[in-house]
Amino acid sequence: MKPVKLWERKGVIYICAFLIPFVMMMVFWAICRIYPFGDSSILTGDMDIEFVNFYAYFVNTLKTKNDWSYMFAKTLGGDYPGLAAFILHDPLLFLLLLFPRDNIVMGIEMIFTLQVSIAGLFASVLLNNRYKTSLTSLLFSTGYAFSAFFFGYLVLTIYFGALMILPLVIYFFLKLIEEGKGFVPFVITAALFIFINYHMGFMLVIFLILLYVSEIIKDTGFLKRFSLIFISGLTVILIDGFFLIRTGLSLIGEKTTEGADYGFYRRFPLSRLFVSMFSGTSRNDLRPLIYCSVAAFFFIIIYFLSSKYGLREKLANLFLLCAVIFSMWINTFDAVWHGFNNPEEFYWRYAYYVSIITIALAYKGFISIVSGDEGEIKKTVLSDSHSVIITAGVMSLYLIGLFILKDPHVTVETLCVNVLLIFIIAGFCLMVMKDEKYLKPAFVFLLIITSAEMLYNSKTAYLSLNALGDPLPEMSEFKADYHDIDEVISFIK
């Protein structure tokens with residue numbers, strides 16, 4: 001057995017999977033001129049209206065003398081259990097204690113940076129353990145970390161603590177189904193996911209059911225795991241039972257389905273959904289945010305065109321992907337995902353499942369072209385080249401067609417950027433299929449280009465959906481307001 005090269009060791013890959021998004025986040029803060037790289041603040045939307053105050057309350061509670069029993073009571077002004085279950089259960093929030101109270105925004109930025117970086121790390125764990133251990137997986141793990149959902153809804157950091165561990169939950173769940181192993185790690189990660197945000201935990205249950213069905217389509221033999229899956233799910237509920245009951249009692253009378261709309265109608269034109277997969281197209285909140293890099297979009301098409309994977313497997317994965325997309329498309333099913341209700345403004349709160357499915361399948365499409373423990377290139381057939389050319393052609397024509405039809409999300413800038421990216425990715429594929437010596441330099445080049453593309457998209461999504469075209473608020477204004485409020489609170493006490 002040949003020794004594993006340093007850059008192909010899992011430990012090295014995992015470190016890179018964490019560090020690359022971390023460095024990219026520093027660049028993101030800088031290009032958006034957000035404090036400390038500028039005077040702009042992330043306090044827009046709900047982050048400014050409520051969440052920063054809840055975080056400040058969290059810090060104040062831990063740093064000052066308080067009656068902790070009050071937090072478990074539903075009393076005048078003390079609806080803490082429901083509030084905490086939705087906002088304050090992320091373990092990373094304890095990092096806020098390291099920052100001065102008037103600089104809590106900096107602490108929130110650090111938490112978001114870590115959430116994105118850890119998401120990249122755990123996506124790498126999923127890809128390298130389930131499919132193939134390779135440094136090239138960084139292209140896709142970073143794609144999950146920089147998916148549009150993270151940056152379009154950056155002000156809602158309450159969700160990202162759960163999203164960062166989602167790849168682990170999926171990995172252990174699949175291991176439980178396929179091998180009957182991983183009971184304990186699945187229970188722990190799933191329980192933590194639900195604990196961090198019970199609302200997302202409800203959506204996780206729906207997704208795992210769909211995932212199990214897709215696995216059964218792939219192999220009916222997995223039906224024999226039903227009892228194991230049921231017991232693991234029951235164990236998760238028992239672990240989270242106290243907090244779920246406490247949360248439910250806390251929310252009695254506050255969250256109702258009265259007036260919910262269950263009408264069976266389309267939420268958006270399905271034919272134009274996939275424009276959301278292109279970089280820089282997130283211009284408003286009227287479509288699901290499913291972008292996870294143009295490379296991922298390219299290689300998921302390669303996956304479905306590849307002859308190296310069986311038809312039954314493809315149908316199973318297509319079912320899973322379409323089930324989530326169809327749920328977003330039809331209002332009736334969308335309401336079910338949102339707890340039999342209709343969300344306000346922040347729509348399709350489970351769109352990231354399309355992104356994680358795309359990332360996993362795209363990596364399989366990628367390794368159908370590039371394979372071998374030593375980074376060797378598979379002996380390819382003519383159809384592989386045809387698949388690359390067809391994919392590049394379909395994606396380009398689709399984008400050009402939307403531009404001709406004057407789709408508001410496709411501008412001259414986004415058209416040029418994305419078509420160029422498509423041809424760069426196609427060129428990479430054709431180059432490495434021709435000669436394996438091009439793999440390493442071509443991959444490094446592709447990773448750099450794709451990272452730049454992700455930053456371009458993250459800035460576009462963040463500014464378009466949060467700043468709404470206006471300048472970001474200034475950090476100096478927050479600090480002034482904070483000191484004024486602090487004086488009022490001290491006077492009241």
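Reader: What is the relative accessibility of tyrosine 131?

Author: Tyrosine 131 counts as partly exposed. Buried means under 20% relative accessible area, exposed means over 50%, and partly exposed lies in between, with a 1.4 Å probe and protein chains only. Tyrosine 131 belongs to the middle class because its relative accessibility is 26%.

Reader: Which pLDDT do side-chain atom pairs need in order to count?

Author: Residues are numbered from 1 along each chain as its sequence is written, and side-chain values use heavy atoms, with hydrogens and water left out. The model is predicted, and while totals for chains, interfaces and linings use all residues, local features need pLDDT of at least 70 and side-chain atom pairs count only at pLDDT 80 or more.

Reader: How many helices does the chain contain?

Author: Helices (H or I, at least four residues) and strands (E, at least two) are DSSP runs, numbered from the N terminus. The chain has zero strands, and its count of helices is 18.

Reader: What share of the residues in the chain is buried?

Author: The chain has 493 residues. The buried share of the residues is 54%.

Reader: Is tyrosine 363 buried or exposed?

Author: The relative accessible area of tyrosine 363 is 0%. Tyrosine 363 is therefore classed as buried.

Reader: Which kind of aromatic pair do phenylalanine 366 and phenylalanine 428 form?

Author: Their ring centres are 5.9 Å apart and their planes meet at 10 degrees, so the pair is of the stacked kind. Phenylalanine 366 is in helix H14 and phenylalanine 428 is in helix H16, 62 residues apart. Both residues are buried, and the name for their arrangement is stacked.

Reader: How many residues does the largest nonpolar core have?

Author: A nonpolar core is a set of buried Ala, Val, Leu, Ile, Met, Phe, Trp, Tyr and Cys residues joined through side-chain atoms within 4.5 Å. Phe299 and Phe428 are among those with the most contacts inside the largest one. Beyond four places in sequence, phenylalanine 299 is in contact (heavy atoms within 4.5 Å) with residues including Phe366 and Phe428. The number of residues in this core is 162.

Reader: Which residue caps the N-terminal end of H9?

Author: Helix H9 (residues 198–218) has 21 residues and reaches 30 Å from its first C-alpha to its last; the expected span is 1.5 Å times one less than the number of residues. Histidine 199 is in this helix and counts as buried because its relative accessibility is 15%. The backbone nitrogen of histidine 199 lies 3.2 Å from a side-chain oxygen of the capping residue, asparagine 197.

Reader: What is the relative accessible area of alanine 351?

Author: Alanine 351 lies in the loop between helix H13 (331–337) and helix H14 (352–367). Not counting residues up to four places away in sequence, alanine 351 touches Phe149, Pro288, Leu289, Ile290 and Met328. Alanine 351 is buried because its relative accessible area is 0%.

Reader: What is the value of phi near which lysine 406 lies?

Author: Most residues other than glycine have a negative phi. Lysine 406, in the loop between helix H15 (382–404) and helix H16 (412–434), has a positive value. Lysine 406 is exposed, with a relative accessible area of 70%, and its phi is near 60 degrees.

Note on methods
Polar contact = N/O pair within 3.5 Å; in protein donor to acceptor, adjacent residues only side chain to side chain. Phe/Tyr/Trp six-rings, centres within 6.5 Å; stacked < 30°, edge-to-face > 60°.
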